[in-house]
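Dear colleague,

Please find below the structure I am handing over to you. My notes on what was found in it follow.

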Amino acid sequence: MLDRIRTAERYTRSAAAAVTAVAALVLAAYAGPAKAHTDSRPDVQGQATAPAADAMRTAAR
C-alpha cells in the first residue's frame, strides 16, 4: 500500500524542483553561441565580389 507523503516533504520537493528549473533557465540564457574567432587578414569575400558587381554595372549600361 502507498504511504502518504508528508506535506513538508512535498513542499520541500517542489521548492527543490523550482530552484533546479530556475538554475537551468539561467544557465541556458547565458549559454549563447560561441563568438567566432576574428581573422586579422583583410576581408577576402568583399574583395572577391567587388569586381563582379562592377562588371554587372558595366554590362547593364
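What percentage of the residues in the protein is buried? Buried residues make up 0% of the 61 residues, where buried means under 20% relative accessible area, exposed over 50%, and partly exposed in between (1.4 Å probe, protein chains only).

Please note that this is a predicted model, in which local features need pLDDT of at least 70 and side-chain atom pairs count only at pLDDT 80 or more, while totals for chains, interfaces and linings use all residues. Residues are numbered from 1 along each chain as its sequence is written, and side-chain values use heavy atoms, with hydrogens and water left out.

The protein contains two helices and zero strands; these are DSSP runs numbered from the N terminus (helices H or I, at least four residues; strands E, at least two).

A search of the whole structure finds one salt bridge, defined as a side-chain nitrogen of Lys or Arg within 4 Å of a carboxyl oxygen of Asp or Glu. Arginine 13 and glutamate 9 form a salt bridge through their side chains, at 3.0 Å from N to O. The two residues are four apart in helix H1, so about one helical turn separates them. Arginine 13 is exposed at 52% relative accessible area, whereas glutamate 9 is partly exposed at 36%.

Threonine 20 also belongs to helix H1 and counts as exposed, with 53% relative accessibility. Its side chain reaches the backbone oxygen of alanine 16 at 2.8 Å.

Finally, Val22, Val26 and Tyr30 form a nonpolar surface patch with about 350 Å² of accessible area together. Patches are made of residues with over 30% relative accessible area and no salt bridge, joining like charges within 9 Å and nonpolar side chains (Val, Leu, Ile, Met, Phe, Trp, Tyr) within 5 Å. Tyrosine 30 lies in helix H1 (residues 7–30) and is exposed, at 73% relative accessible area.

With kind regards

Definitions and conventions:
Areas by Shrake-Rupley, 256 points an atom, 1.4 Å probe, with all protein chains shown as cover. Polar contact = N/O pair within 3.5 Å; in protein donor to acceptor, adjacent residues only side chain to side chain.
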